[in-house]
Amino acid sequence: MKLLFLTTFFITSVIGYSQIKERDLRLVGTWQGSEKGNQEEGMSRYWVQQRFNDGTFLMLFVTIDKDGEGSSLVDKGEWWTEGGKFYEIHFNTKLTDTYFYEVLDDQHVKFRLDSTNLELNNSNYEFIDTKLIEGLDYQDSEK
């Protein structure tokens, strides 16, 4: 009976642990980025993304086309890292984007598309996210 209990506990622990996704906590926080014409000629994209410790994210995404017409989207999803790659699944589309990432310093992260998982016009697509200063309020900005 004791052996059955220990075996069940071990199997449950292994299965539970395998479900836990890795997260590079240096990527937690509020980040902004932009790109112009890298995905599609004449299109500009801007975003602010809040990545949380629990692996969820919230993103405001703005697109401006070559005629100056804009649209925006608020997206939620899940993010994780594994083997030098950054993954984010978007709950709106159910698609997962995969990037190689490099932390350049505390305020900048470079992302390069893993083109095997997403079809874009530019398979060399890359961008740099910049961390927004957290805890800064209006009074601090006047000093």
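**A barrel and its pocket**

Six strands each supply at least two residues of the lining of the largest pocket: β2 (44-51), β3 (56-64), β4 (70-82), β5 (85-90), β6 (96-105) and β8 (126-131). Helices (H or I, at least four residues) and strands (E, at least two) are DSSP runs, numbered from the N terminus. This is a predicted model, in which local features need pLDDT of at least 70 and side-chain atom pairs count only at pLDDT 80 or more, while totals for chains, interfaces and linings use all residues. Residues are numbered from 1 along each chain as its sequence is written, and side-chain values use heavy atoms, with hydrogens and water left out.

Stay with the pocket. A pocket is an open set of points on a 1 Å grid over the protein atoms alone, where a 1.4 Å probe fits and protein lies on both sides within 12 Å along at least five of seven lines; lining residues have an atom within 4 Å of a point. The largest pocket holds about 470 Å³ of space. Of its 24 lining residues, Phe61, Glu88, His90, Asp97 and Tyr99 are the closest to its centre. The volume is the space filled by probe spheres set on the points, with grid points joined across faces, edges and corners. β2 gives the most to the lining, with 4 residues. By type, the lining divides into 12 nonpolar, 5 polar and 7 charged residues. Here Ala, Val, Leu, Ile, Met, Phe, Trp, Tyr, Cys and Pro count as nonpolar, Asp, Glu, Lys and Arg as charged, and the others, Gly among them, as polar.

Now the fold. The protein has 2 helices and 8 strands. From the N terminus on, the elements run α-β-β-β-β-β-β-β-β-α. The 8 strands close into a barrel in the order β1-β2-β3-β4-β5-β6-β7-β8, with antiparallel pairing. On average, neighbouring strands of this sheet are turned by 30° against each other, direction ignored. For such angles, axes are lines fitted to C-alpha atoms.

Strand β1 (residues 29-36) shows the pairing in detail. Two strands pair if DSSP finds at least two bridges between them. β1 and β2 pair in the antiparallel sense over 8 bridges. Glycine 29 stands opposite arginine 51 in β2, and lysine 36 has serine 44 of β2 as its bridge partner. β1 is also joined to β8, by 2 bridges, and these strands run antiparallel. Tryptophan 31 stands opposite lysine 131 in β8.

Which residues have the most contacts inside the largest nonpolar core? They are Phe86, Tyr99 and Phe111, in a core of 15 residues. β3, β6 and β7 (108-113) give two or more residues to this core. β7 gives the most, with 3. A nonpolar core is a set of buried Ala, Val, Leu, Ile, Met, Phe, Trp, Tyr and Cys residues joined through side-chain atoms within 4.5 Å. Buried means under 20% relative accessible area, exposed over 50%, partly exposed in between (1.4 Å probe, protein chains only). Of the 143 residues in the protein, 28% are buried.

Phenylalanine 86 sits in strand β5. Phenylalanine 86 counts as buried because its relative accessible area is 2%. The C-alpha atoms of phenylalanine 86 and threonine 98 are separated by 5.8 Å, though these residues are 12 residues apart along the chain.

Lysine 94 lies in the loop between β5 and β6. Lysine 94 is exposed because its relative accessibility is 62%. Phi of lysine 94 is near 65°, a positive value in a residue other than glycine. Most residues other than glycine have a negative phi.

Methods. Axes are lines fitted to C-alpha atoms, for helices over the stretch in contact, and angles run from 0 to 180 degrees between N-to-C directions.
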